[in-house]
Amino acid sequence: MVQGPGSGYRLDDDIEDVLLSSDRIQARLVELAGEIDRDYAARPLLLVGVLKGAFVLMADLARHLSTPVEFDFMAVSSYGSATRTSGVVRIIKDLEIDIAGRHVLVVEDIVDSGLTLNYLLRNLRARGPASVEVFALLSKPDQTRVELPIRYHGFAVPNVFVVGYGLDYAERYRNLPYVGTLRAEVYSSG
Ligand code: PRP
């Protein structure tokens, strides 16, 4: 990975395969936004994005919606690898909006084991919202350890490491407009 200014390096150079093109993602978001508009029928909706990965998705999805929406965000930390076994996550940024009586749509870029979302849903439901539903752009069915009620689902992806459209490797690649896999050299070059 050559990173010097003027070196001609582009993020795209690190991508092995594009799994979901930008056009495909946007077309699916338009479809799902249409479903959301029909389901909520202009009832005000609170979109809750799970940082950091959901910020790209949240911005695009919201711009396809006609339903009036407000935005809030949560950030969670997974205690390193502990969440993979225990499902316990720590909330490092909580909501600013009181969700009691509100219609909430949790927006996630990817559901992997499902443990993060499982914890978040239990936490949010305890706050007395009128409803809580889940929007997940991606899921990895082979990895799922907890079955979750995903109301709006974009795409199932194979059990490979994916980046782009909010998803990172070492905090990079979130700004790619598509979802893809990284070339093997990227992992070895640090
Ligand atoms: C990703 C994703 C979910 C979680 C899913 O976040 O955005 O929050 O992992 O994994 P799970 O289903 O196995 O619990 P990540 O921890 O990579 O943080 P980031 O969004 O800040 O990159």
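This is a predicted model: local features need pLDDT of at least 70, side-chain atom pairs count only at pLDDT 80 or more; totals for chains, interfaces and linings use all residues.

Trainee: OK, helix 1 to begin with, how many residues does it have and how far does it reach?
Mentor: Helix 1 has 19 residues, and from its first C-alpha to its last it reaches 26 Å, which is close to the 27 Å expected at 1.5 Å a residue.

Trainee: And which residues of helix 1 are buried?
Mentor: The buried ones are Ile-25, Leu-29, Leu-32, Ala-33, Ile-36, Asp-37 and Tyr-40. If you look down the axis of helix 1, these buried residues fall within an arc of 150°, so they line one face of the helix.

Trainee: What about the other side of helix 1, which residues are exposed there?
Mentor: On that side you will find Asp-23 and Arg-38 exposed. As for the end of the helix, the residue that follows helix 1 is Ala-41, and its phi is positive, near 45°.

Trainee: Let's move to helix 2, what covers its buried residues?
Mentor: The cover includes helix 1, strand 2, strand 3, strand 5 and strand 6. The residues that are buried in helix 2, which runs over residues 54-64, are Ala-54, Val-56, Leu-57, Met-58, Asp-60, Leu-61 and Ala-62.

Trainee: What does the side chain of Asp-60 make a polar contact with?
Mentor: The partner is the side chain of Gln-26, and the polar contact that joins the two is 2.8 Å. Not counting residues up to four places away in sequence, Asp-60 touches Gln-26, Leu-29 and Tyr-165.

Trainee: Where is Arg-174, and is it buried or exposed?
Mentor: Arg-174 is placed in the loop between strand 7 and strand 8, and with a relative accessibility of 12% it counts as buried. Once its neighbours within four places in sequence are left aside, the contacts of Arg-174 include Lys-52, Gly-53, Phe-55 and Val-56, as well as Tyr-165 and Asp-168.

Trainee: New topic, how many residues are in the largest nonpolar core?
Mentor: That core has 29 residues, and those with the most contacts inside it are Ile-36, Phe-135 and Leu-138. Helix 1, strand 2, helix 2, strand 5, strand 6 and strand 7 each supply at least two residues of this core. To take Ile-36 as an example, its contacts beyond four places in sequence include Leu-61, Leu-105, Phe-135 and Tyr-152.

Trainee: What about a second core?
Mentor: A second, separate core has 21 residues, and among them are Val-48, Val-89, Ile-99 and Leu-124.

Trainee: Last topic, how many aromatic pairs does the structure hold?
Mentor: It holds four aromatic pairs. In one of them, the ring centres of Phe-135 and Tyr-152 are 6.3 Å apart and the planes are at 25°, so the pair is stacked. Because Phe-135 lies in strand 6 and Tyr-152 in strand 7, this pair ties together parts that are 17 residues apart in sequence. Phe-135 is buried at 0% relative accessibility, and Tyr-152 is buried as well, with a relative accessible area of 1%.

Trainee: And how are Phe-161 and Tyr-169 arranged?
Mentor: Their ring centres are 6.0 Å apart and their planes are at 85°, so that pair is edge-to-face. Phe-161 is partly exposed at 40% relative accessibility, Tyr-169 is partly exposed with a relative accessible area of 24%, and together with Tyr-187 they form one aromatic cluster.

Technical notes:
Residues are numbered from 1 along each chain as its sequence is written. Side-chain values use heavy atoms; hydrogens and water are left out. Buried means under 20% relative accessible area, exposed over 50%, partly exposed in between (1.4 Å probe, protein chains only). Helices (H or I, at least four residues) and strands (E, at least two) are DSSP runs, numbered from the N terminus. Contact means heavy atoms within 4.5 Å. A polar contact is a pair of N or O atoms within 3.5 Å; within protein, one must be able to donate a hydrogen and the other to accept it, and residues adjacent in sequence count only if both atoms are side-chain atoms. Rings of Phe, Tyr and Trp (its six-membered ring) pair if their centres lie within 6.5 Å; planes under 30 degrees apart count as stacked, over 60 as edge-to-face and the rest as tilted. A nonpolar core is a set of buried Ala, Val, Leu, Ile, Met, Phe, Trp, Tyr and Cys residues joined through side-chain atoms within 4.5 Å. The expected span of a helix is 1.5 Å times one less than its number of residues. The arc is that of the directions from the helix axis to the C-beta atoms.
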